[in-house]
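The sequence and coordinates come first.

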Amino acid sequence: MFSENGKISRRQLCCLLTLDFFGKGALLLPAFAEGMSGREFILCLFPVFLLVFAYGRLVEKLGESCGGDFRLFAERKLGKKTTDIFLLFFFLYAFWDLTYLLHTFGRIGQTFLLPGESKEILSVMALLAGIAMAYRGLEIRARTVEVLYPLLFFPILFLILFSAFHQQPEISEAMPVFSGYRGMFGQVLKMFSVFGGLSFYVFLAPSMNRQEKGLVRKGLWRASAALVTLFLLVAAAFGEEGIGRLPWPVVSFMSSARVPGGFLERWDVIFAGLLETMLLAGVGSSLFYLGIIGEMLLHRLKKSWLWSGVAAAALLVVFWCGESGKAVELYVRWNSFATVPVSVAFLVILRCIGRP
């Protein structure tokens, strides 16, 4: 029997962070590498993760100072209308994040796992699974992710380890590093937006024990260390232009993994299956936050109607994107250059005003 006390543990939050960001980061970050050399991509990762950890610190501090109700805290500082406008940007981020995750789940599943299945059907299945995870609330979602974490993350680390020893590096000649600081800034901004979901952790403050410190950063260390290791190996294996040219470089990278004994050969398929399950956890997270913020903005609308409308809209966008790269374009247009900068500015303003 599990107690229903409205709280989640330190381990559960770290598991949520790791699964939320590793699977999405492993697939979305290389999508921003088009036109970049492998060296440029790796150079961008370091300022991105510095910003991520600084932002995680900001989110932690706001969570500690909001007094258990983030929206009420924000309204006292900025007023109700201003807070609602900023919350709308939070809502839009979660929506475009959801559409990207559903689209990617369908594409990965169709490419590596079920070639004969429709991408749209796979996306619908992911959406239904995410709704089932999010509808039961934070505690059920946290317990589910806590169970999935060792079944997903540790096998992925295992595969990364064996891939490192069985690669045949094909590093090409060095390419020029960036055409200017403006180009680097744009790439860093796009890559940072992958972790824009950190903003939502201010809403989990009432569910965390007060004595827990540094939880956001501890969860981020796991995901970021694994991502940096993975991308360094991918860049070494595919050369300067490989990351930007391959559609799913991290999955293709796993095709060369060789585990002693030779009892399984298609480790890229196993790796894709693990990432797909991580994406399911991400879909559940996006829907969960859409429900929380939607209720704040639309008090009279039932949660079932809210999620029905969001689900229908997300599926329409996914179907419209088809097989093209429109899902990534929409993510960049709305999240990288709109919702994430506004959300970050909102939290920075609150932190500055909230200081004694």
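## Salt bridges and their surroundings

The side chains of arginine 57 and glutamate 60 meet in a salt bridge, with 3.8 Å from N to O. The model is a predicted one. Arginine 57 and glutamate 60 are three residues apart in helix α2 (residues 38-65), so about one helical turn separates them. Arginine 57 is partly exposed at 36% relative accessibility, whereas glutamate 60 is buried, with a relative accessible area of 9%.

In total, the structure holds six salt bridges. Another of them brings together the side chains of lysine 24 and aspartate 97, at 2.3 Å from N to O. Lysine 24 belongs to helix α1 (residues 10-28) and aspartate 97 to helix α4 (residues 80-113), so this pair ties together parts that are 73 residues apart in sequence. Lysine 24 is buried, its relative accessible area being 5%. Aspartate 97 is buried too, at 7%.

A further salt bridge links lysine 119 to glutamate 120, where the closest N and O atoms are 3.7 Å apart. Lysine 119 is buried, with a relative accessible area of 0%, while glutamate 120 is partly exposed at 25%. Elsewhere, salt bridges that share partners join Arg71, Glu75, Lys80 and Asp84 into one network.

| Pair | N to O distance |
|---|---|
| Lysine 24 and aspartate 97 | 2.3 Å |
| Arginine 57 and glutamate 60 | 3.8 Å |
| Lysine 119 and glutamate 120 | 3.7 Å |

As a general point, side chains of opposite charge can pair when their charged atoms come close.

How many residues does α4 have, and what distance does it reach from its first C-alpha to its last? The helix has 34 residues and reaches 47 Å, close to the 50 Å expected at 1.5 Å a residue. α4 is mostly covered, since 24 of its 34 residues are buried. Aspartate 97, the α4 partner of lysine 24, is itself buried, with a relative accessible area of 7%.

Proline 115 is placed in the loop between α4 and α5 (119-135). Is proline 115 buried or exposed? Its relative accessible area is 62%, and proline 115 is exposed. Leaving aside neighbours within four places in sequence, proline 115 is in contact with Gly109 and Gln110.

Glycine 322 has its place in the loop between α12 and α13 (326-354). At 15% relative accessibility, glycine 322 counts as buried. Which residues does glycine 322 touch, not counting residues up to four places away in sequence? They are His103 and Lys119. Lysine 119 is also the salt-bridge partner of glutamate 120. Glycine 322 and glutamate 120 are 202 residues apart in sequence, yet their C-alpha atoms are 8.5 Å apart in space.

On the surface, Leu298, Leu301 and Trp305 form a nonpolar patch, with about 330 Å² of accessible area together. One of these residues, leucine 301, is placed in the loop between α11 (267-297) and α12 (303-321). Leucine 301 is partly exposed, with a relative accessible area of 37%.

## The chain as a whole

The secondary structure comes to 13 helices and zero strands. Of the 356 residues in the protein, 53% are buried. Among contacts between residues at least 6 apart in sequence, 85% join residues at least 24 apart.

## Confidence

The mean pLDDT of the protein is 81, and 83% of its residues reach 70 or more. Among the elements, α4 has the highest mean pLDDT (92) and helix α9 (residues 242-245) the lowest (72). Where does pLDDT stay under 50? This is the case over residues 168-181, for which the model has 26 contacts beyond four places in sequence. Where pLDDT is low, the predicted coordinates should not be read in detail.

Terms used
Residues are numbered from 1 along each chain as its sequence is written. This is a predicted model: local features need pLDDT of at least 70, side-chain atom pairs count only at pLDDT 80 or more; totals for chains, interfaces and linings use all residues. Side-chain values use heavy atoms; hydrogens and water are left out. A salt bridge is a side-chain nitrogen of Lys or Arg within 4 Å of a carboxyl oxygen of Asp or Glu. Helices (H or I, at least four residues) and strands (E, at least two) are DSSP runs, numbered from the N terminus. Buried means under 20% relative accessible area, exposed over 50%, partly exposed in between (1.4 Å probe, protein chains only). Contact means heavy atoms within 4.5 Å. Patches are made of residues with over 30% relative accessible area and no salt bridge: like charges are joined within 9 Å, nonpolar side chains (Val, Leu, Ile, Met, Phe, Trp, Tyr) within 5 Å. Accessible areas come from the Shrake-Rupley method with a 1.4 Å probe; for residues, only the protein chains shown count as cover. pLDDT is the predictor's confidence in each residue, from 0 to 100. The expected span of a helix is 1.5 Å times one less than its number of residues.
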